[in-house]
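Subject: Structure for you to look at

Dear colleague,

I am passing on the structure we spoke about, and my notes on what was found in it follow below. Please read them with the structure open beside you.

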Amino acid sequence: LPIYRAGAGRLRTELIKGIVMATFLLFKVHTLYLKVKAVGWITLFHFYLNPLKKGKEIACSCYGQTITIRQGSHDLWVAMQTLGVEFATLKSIFPADFNGIIIDAGGYIGTAALAFRAMYPNSRIISLEPSTKNLQLLQKNVQGKHIEVLQLALGTKTGTVALSDPGDGEWSYTISTPANFKHLTLETIPC
């Protein structure tokens, strides 16, 4: 009888491992499906299978918006989130004919501003982006979409601030630098 129980325990452990692996595999397949649905196979191929060309710009369509993203960056993931479902709850808060001012603070590559433009075509959209590298891509992505772009940081005082990279790439640049924060100062920009 003890041999049976030991075997049953091992079988149960193996079954649980199999379920966890199958769940993980289904998650990966579903994630791939969502990426293909958002941008297509060709963009995914260029984005993921050419890792040596980090930073190379790729033009693509993401949820119907033509944008440019950088290979080997967080651009694709951010575009899929912002152009996909990230702002869906705003549709229930503001009517489609909203004509106020929308400030996109930390405009990154412009996908949030494009999502706002699609949801609120009558609004005034101002996108603030402190990083020169991100600003160039943002301007390219929103060109002709009636979105104002300013190279500024949003802060508590007027003046200049140091833009820093905490090490997670272009999407994580910050003007906040706590004492224990290891960072690389990229540039000084108006605030």
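A residue is called buried here when its relative accessible area is under 20%, exposed when that area is over 50%, and partly exposed in between. By that rule, 35% of the 191 residues of the chain count as buried; please bear in mind that this is a predicted model.

As for the overall layout, the chain has six helices and seven strands, and along the sequence these follow the pattern α-α-β-β-α-α-β-α-β-α-β-β-β. Among the contacts in the chain with a separation of 6 or more, 50% are made by residues 24 or more positions apart. The accessible surface of the chain comes to about 12200 Å², and 63% of that surface belongs to carbon and sulfur atoms.

Helix H3, which spans residues 75-83, is mostly covered, with seven of its nine residues buried; the buried ones are Asp75, Leu76, Val78, Ala79, Met80, Thr82 and Leu83.

Most residues other than glycine have a negative phi. His146 counts as exposed because its relative accessibility is 72%, where the cut-off for exposed is over 50%.

With best wishes

Terms used
Residues are numbered from 1 along each chain as its sequence is written. This is a predicted model: local features need pLDDT of at least 70, side-chain atom pairs count only at pLDDT 80 or more; totals for chains, interfaces and linings use all residues. Side-chain values use heavy atoms; hydrogens and water are left out. Buried means under 20% relative accessible area, exposed over 50%, partly exposed in between (1.4 Å probe, protein chains only). Helices (H or I, at least four residues) and strands (E, at least two) are DSSP runs, numbered from the N terminus. Contact means heavy atoms within 4.5 Å. Accessible areas come from the Shrake-Rupley method with a 1.4 Å probe; for residues, only the protein chains shown count as cover.
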